[in-house]
Amino acid sequence: MTTDTEPADSAAPFDPYFDTLFRPFTSGRPVDPAAEVERFWAVPERYRPPATDIHDDQVAGPHGRIPVRVHTPGDGAPTGAAVMWVHGGSFVSGNLDVPEADAVARALCVTSGCVVVSATYHLAGPGTRFPVPHHDVLAAWRWARRHLEERGLDPQRTALGGASAGANLAAGVALHMRDTGEPQPAGLVLVYPTMHAHAQPPSAELTHKTARLPPEFRCLPSAVDEMTRNYLGPETTEVPDHAMPGQADLHGLPPTLLITAEYDDLRSSAEAFATSLSEAAVPTHIRMEEGSPHGYLAHPLSPAFDRSVRAIAGFLRSVRGG
């Protein structure tokens, strides 16, 4: 397991990009929290999406149709490799148009030269619990491999990744493929993942840093418990490994890139998962985006977004053998 060096603590905790966005919450002046939260997540007007060739399709899944969007480099033939990407949203929000799906897929496609299949899933709630989202992503993954092979690309060089709840779903699918003996992804990309049914104990360093976050951007143990109840169902007593990969035996998973956010309560889950990957002898590289909060991939103009996309592109080059 390789790890990028963590930064020393400092008086200026946040990356300047996010410091500016957090300033209304930390200035001491009266604010409308709901309006400021909406402003925080809004995509800046100056953002210009990178151009990719786009093909929208639908996958026939066991619980209904699943939208997917295929991004192909617009300035030449793809590299022969591909990645399927799954957005987050606490299992309850998100679609193919949110920045964590569309902006990431576009940037990865342009930066890596890979075909990127962006997949969504039925969102959790009453009547839609695990394993529905898991089955959706599994069906999308199987479709992506077939679709890419039909286009002359090598399905053995196709990686799988996601952010937050999407990272959980990606890891759950990789475990499913391992357990059924189906071909594994060439690599796993997990960005600020949530992997456990309950919050993992944070380090003193993480506790100190997340205390600086505005309350509107915390993910406290009660919020993790609520997310789990909503995903699995309020009456669930047993937690399947494919639903919460942090409790699973991880032996046999493919090479993994795990990226955390420095100012993120869920970093304790990601770090515990990294330890389990190491114990399972899974080739793993871990990096932390300094000064950044959970969800930074929803900010395509942030330095952290650009750094992570470039890191993922480098990882994809390594797992595809080029």
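## Aromatic pairs

In this predicted model, 13 aromatic pairs are found across the whole structure; rings of Phe, Tyr and Trp (its six-membered ring) pair if their centres lie within 6.5 Å, and the planes count as stacked under 30 degrees apart, edge-to-face over 60 and tilted for the rest. Phenylalanine 14 and phenylalanine 22 have ring centres 4.8 Å apart and planes at 55 degrees, so this pair is tilted. Phenylalanine 14 and phenylalanine 22 are both buried (under 20% relative accessible area, with exposed meaning over 50% and partly exposed in between, for a 1.4 Å probe and protein chains only). A cluster linked by ring pairs takes in Phe14, Tyr17, Phe18, Phe22, Phe25, Phe40, Trp41, Phe217 and Tyr263.

The pair of phenylalanine 91 and tyrosine 231 is stacked, at 3.8 Å centre to centre with 5 degrees between the planes. Phenylalanine 91 sits in the loop between β4 and α3 (102–112) and tyrosine 231 in helix α7, so that the pair links distant parts of the chain, 140 residues apart. Here helices (H or I, at least four residues) and strands (E, at least two) are DSSP runs, numbered from the N terminus. Both phenylalanine 91 and tyrosine 231 are buried.

## Histidine 299

Histidine 299 belongs to the loop between β9 (284–293) and α9. Its relative accessibility is 1%, and histidine 299 therefore counts as buried. With neighbours within four places in sequence set aside, histidine 299 is in contact (heavy atoms within 4.5 Å) with Tyr17, Phe18, Leu21, Phe40, Trp41 and Phe305.

## Nonpolar cores

In soluble globular proteins, nonpolar side chains tend to be buried together. A nonpolar core is taken here as a set of buried Ala, Val, Leu, Ile, Met, Phe, Trp, Tyr and Cys residues joined through side-chain atoms within 4.5 Å. The largest such core holds 53 residues, of which Met84, Leu190 and Tyr231 touch the most other members. Two or more residues each come from β3, β4 (82–86), β5 (115–119), α4 (132–150), α5 (165–180), β7 (188–191), α7 (221–232) and α8 (267–279). Of these, α5 gives the most to this core, with 9 residues. A second, separate core has 40 residues, including Val116, Ala159, Ala186 and Ile259.

Tyrosine 231, part of the largest core, is in contact with Phe91, Ala124, Arg129, Phe130, Pro133, His134, Asn168, Leu169, Ala243 and Met244, leaving aside neighbours within four places in sequence.

## Salt bridges

The structure has 17 salt bridges, each being a side-chain nitrogen of Lys or Arg within 4 Å of a carboxyl oxygen of Asp or Glu. One of them joins aspartate 56 and arginine 69, with an N to O distance of 2.7 Å. Aspartate 56 is in strand β2 (residues 52–61) and arginine 69 in strand β3 (residues 64–73), so this pair ties together parts that are 13 residues apart in sequence. Aspartate 56 is partly exposed at 45% relative accessibility, whereas arginine 69 is buried at 12%.

Arginine 178 and aspartate 179 form another salt bridge, at 2.9 Å from N to O. Arginine 178 is partly exposed, with a relative accessible area of 25%, and aspartate 179 is partly exposed at 45%. A further bridge, of 3.2 Å from N to O, joins arginine 310 and aspartate 306. Both of these residues lie in helix α9 (residues 303–319), 4 residues apart, which is about one turn of the helix. Arginine 310 is exposed at 52% relative accessibility, and aspartate 306 is partly exposed at 37%. Elsewhere, salt bridges with shared partners join Asp56, Arg69, Asp97, Asp102 and Arg106 into one network.

## Overall fold

The protein contains 9 helices and 9 strands. Its radius of gyration is 19 Å, close to the 20 Å that the globule rule gives for 322 residues, so the protein is as compact as a globular protein of that length. That radius is taken over C-alpha atoms, and the globule rule is 2.2 Å times the number of residues to the power 0.38. The C-alpha trace spans about 60 × 50 × 40 Å along its principal axes.

Of the 322 residues, 55% are buried. Among contacts with a separation of 6 or more, 79% come from residues 24 or more positions apart. The accessible surface is about 13,100 Å², with 52% of it belonging to carbon and sulfur atoms; areas come from the Shrake-Rupley method with a 1.4 Å probe, and for residues only the protein chains shown count as cover.

## Basis of the values

Residues are numbered from 1 along each chain as its sequence is written, and side-chain values use heavy atoms, with hydrogens and water left out. Because the model is predicted, local features need pLDDT of at least 70 and side-chain atom pairs count only at pLDDT 80 or more, while totals for chains, interfaces and linings use all residues.
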